Amino acid sequence: MIVSAIGQGMLWAILGLGIFMTYRILNFPDMTTEGSFPLGGAVCVTAITNGVSPVLATLLGVLAGMGAGLVTGLLFTKGKIPVILSGILVMSGLNSVILYVMQTPNLSLLNQPKIQDVFSALNLPNYFDIIFLGIIVLALIIGLLLFFFNTVLGQAYIATGDNEDMARSIGIKTDSMKILGLTLSNGIIALSGALIAQNDGYADVNKGIGVIVIGLASIIIGEVLFGELTFAERLVAIVIGSIIYQLLILAVIKLGFDTTYLKIFSAAILAICLMIPQLRKALNLKGLSEKEGK
């Protein structure tokens, strides 16, 4: 179960990397996540059941997610709808899109090929195929993100998040950067949805409910544990944070709690992690006041 949780953590870390692009760099939460995640899985699973190879089906899922992000970006920048509301509108609309794609609320991959089957020839122990897949995909995504953020376009994207007015004053088209960020972010999120759907063996229209909490937990746990980091280290910290989060959820299950209420434990873990910096600050202030009193 620990090996399985580590593999799951790696696949969920892809979601965290996608959310990081908007939540931490552009400084706004994108609710499209809860629509693009199951959309990626739905498109991928539907394509596989119709005879498309798992690799191509996964790429189709990514493209679908990018399309969802593009719509959110256009509503936000051109339609002047607040970003949270734009994300909610697209997320709500995607529910119908997913039903249209699958023609059913859920779709199974029973007896169908999956992307992790490429490791079957290696005769790996149970669940190690997911770990291998996670390592390869994460290395590819982190490498591409580092390359992107070291380009002129990537620096313009970061500048937009740091100070939009300054970025606009030096000629950066900030609206284009926001559209780009939402598009790429939701493509990565949909990739996570496609891989997790293949790992779980099915796609479901309701699979996106609460996933933004899981992605945020990966980011927050990594930041709380490691503090100040370089950009590359922050990306790796998200992966570690995601694995730790899955291990915490495993611990909750092993303690005998009803898995029906798992989402409330997920929310509680995230809330605690978010409060840790404030608790540290309060303890430091208390320690300083005691020293001054002496």
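## Annotated spans

Residues 179-197 are 100% helix and 0% strand, with end C-alpha atoms 27 Å apart; helices are DSSP runs of H or I of at least four residues, strands are runs of E of at least two, and both are numbered from the N terminus.

The model is predicted: local features need pLDDT of at least 70, side-chain atom pairs count only at pLDDT 80 or more, and totals for chains, interfaces and linings use all residues. Residues are numbered from 1 along each chain as its sequence is written, and side-chain values use heavy atoms, leaving out hydrogens and water.

## Helix H3

Helix H3 (residues 54-77) has 24 residues and should span 34 Å at 1.5 Å a residue, which agrees with its end C-alpha atoms being 35 Å apart; the expected span is 1.5 Å times one less than the number of residues. Its buried residues (under 20% relative accessible area, 1.4 Å probe, protein chains only) include Gly61, Gly65, Gly69 and Gly73. Helices H2 (33-49), H4 (83-102) and H8 (174-200) are among the elements covering them.

## Nonpolar cores

The largest nonpolar core has 59 residues, of which Ile14, Leu15, Ile141, Tyr157 and Leu195 touch the most other members. Such a core joins buried Ala, Val, Leu, Ile, Met, Phe, Trp, Tyr and Cys residues through side-chain atoms within 4.5 Å. H1 gives the most to this core, with 11 residues.

Methods
Buried means under 20% relative accessible area, exposed over 50%, partly exposed in between (1.4 Å probe, protein chains only). Contact means heavy atoms within 4.5 Å.
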